[in-house]
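Okay, thanks everyone, I'll keep this short. Let me put the structure up and then walk you through a few spots.

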Amino acid sequence: MPEPGEAIELRSALLGLRRTSGLPVVFGGLLSDARHARIGELSGARSPALRGLVISAGSGLGGKAMALSRPCAVTDYPSARHISHEYDTAVAAEGLRSVVAVPVVVRRTVRGVLYGALREPLALGDRVYDAAASAARDVEQALAVRDEVQGILAATREQSAGPGVEAGPWEDVREAHRELRSLAPRIVDPALRDELLAVCGRLASAAGPEAARPVRVPLAPREMDVVACVASGATNAAAAERLGLRPETVKSYLRSAMRKLGAHTRMEAVVAARRAGLLP
């Protein structure tokens with residue numbers, strides 16, 4: 001079953017597809033297993049006929065898109081000859097005629113399918129195809145980020161739960177902390193984002209080599225993100241690329257963080273943040 005955060009990302013992409021394409025009906029779902037996707041999100045539907053529909057790879061328009069890992073479209077669904085018609089009853093109940101289906105593919109693996117449709121048998125133009133492809137990319141990127149976050153969380157939970165970490169592996173912990181801080185702003189699901197930041201907090205408060213008695217310093221979240229990047233050796237330009245910010249904005253956050261930490265150089269800021277228990 002798709003996770004709640006994945007449903008949020010799918011819903012957001014479909015709403016964007018409907019807005020940018022002008023299509024009256026959009027819907028889609030993520031794979032529940034290797035060969036089946038369940039339609040869980042709809043916008044513009046007039047009936048519940050499509051909700052919960054299970055699409056098998058190779059069946060119907062969406063199943064064909066899933067099997068081929070590429071977009072597929074028909075101008076008139078009921079009379080289309082190059083697709084199978086297992087889902088005609090649901091499609092007819094919604095009155096759909098012209099339909100496009102785009103697979104969601106993450107690292108060469110199909111993870112879902114998005115649809116856009118008209119209730120008239122009209123050819124779909126480039127604007128519709130571009131909007132559908134863009135919506136699929138949005139979901140793909142969101143799922144890739146979630147996969148990366150889940151992998152880092154799994155790798156760091158055991159380390160962060162221990163009483164301390166030796167100096168050698170500690171650099172790996174610091175790098176994981178930096179990666180987590182960089183990914184956090186890109187997570188739509190608030191529960192997953194909170195869990196990610198909680199792990200960051202546990203990593204930062206663990207007893208590292210330079211650990212001292214923590215002194216509370218109220219750094220803003222973005223200031224913390226920048227200091228974490230600087231701690232990994234990143235330049236302002238590299239930190240800006242990782243965080244999706246402008247280099248000037250990174251410089252401003254860093255200056256603010258240095259002022260709060262009482263630091264005069266980048267390295268002093270990193271040392272002060274570690275002593276304050278803000279970084280591992």
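Let's start with E9: beyond its neighbours within four places in sequence, E9 is in contact (heavy atoms within 4.5 Å) with V139, A142, L143, R146, V188 and D189. E9 sits in helix 1, residues 4-21; helices here are DSSP runs of H or I, at least four residues, strands are E runs of at least two, and both are numbered from the N terminus. E9 is buried at 6% relative accessible area, where buried means under 20% with a 1.4 Å probe, protein chains only.

Quick housekeeping. This is a predicted model, so local features need pLDDT of at least 70 and side-chain atom pairs count only at pLDDT 80 or more, while totals for chains, interfaces and linings use all residues. Numbering runs from 1 along each chain as its sequence is written, and side-chain values use heavy atoms, with hydrogens and water left out.

Now the aromatics: the structure holds one aromatic pair, with ring centres within 6.5 Å as the cut-off. That's F27 and Y115, stacked (planes under 30 degrees apart), at 4.4 Å centre to centre and 15 degrees between the planes. F27 is in strand 1 (residues 25-30) and Y115 in strand 7 (residues 109-118), 88 residues apart. F27 is buried at 4% relative accessibility, and Y115 is buried too, at 6%.

Methods:
Buried < 20%, exposed > 50% of the residue type's maximum accessible area, 1.4 Å probe, protein only. Phe/Tyr/Trp six-rings, centres within 6.5 Å; stacked < 30°, edge-to-face > 60°.
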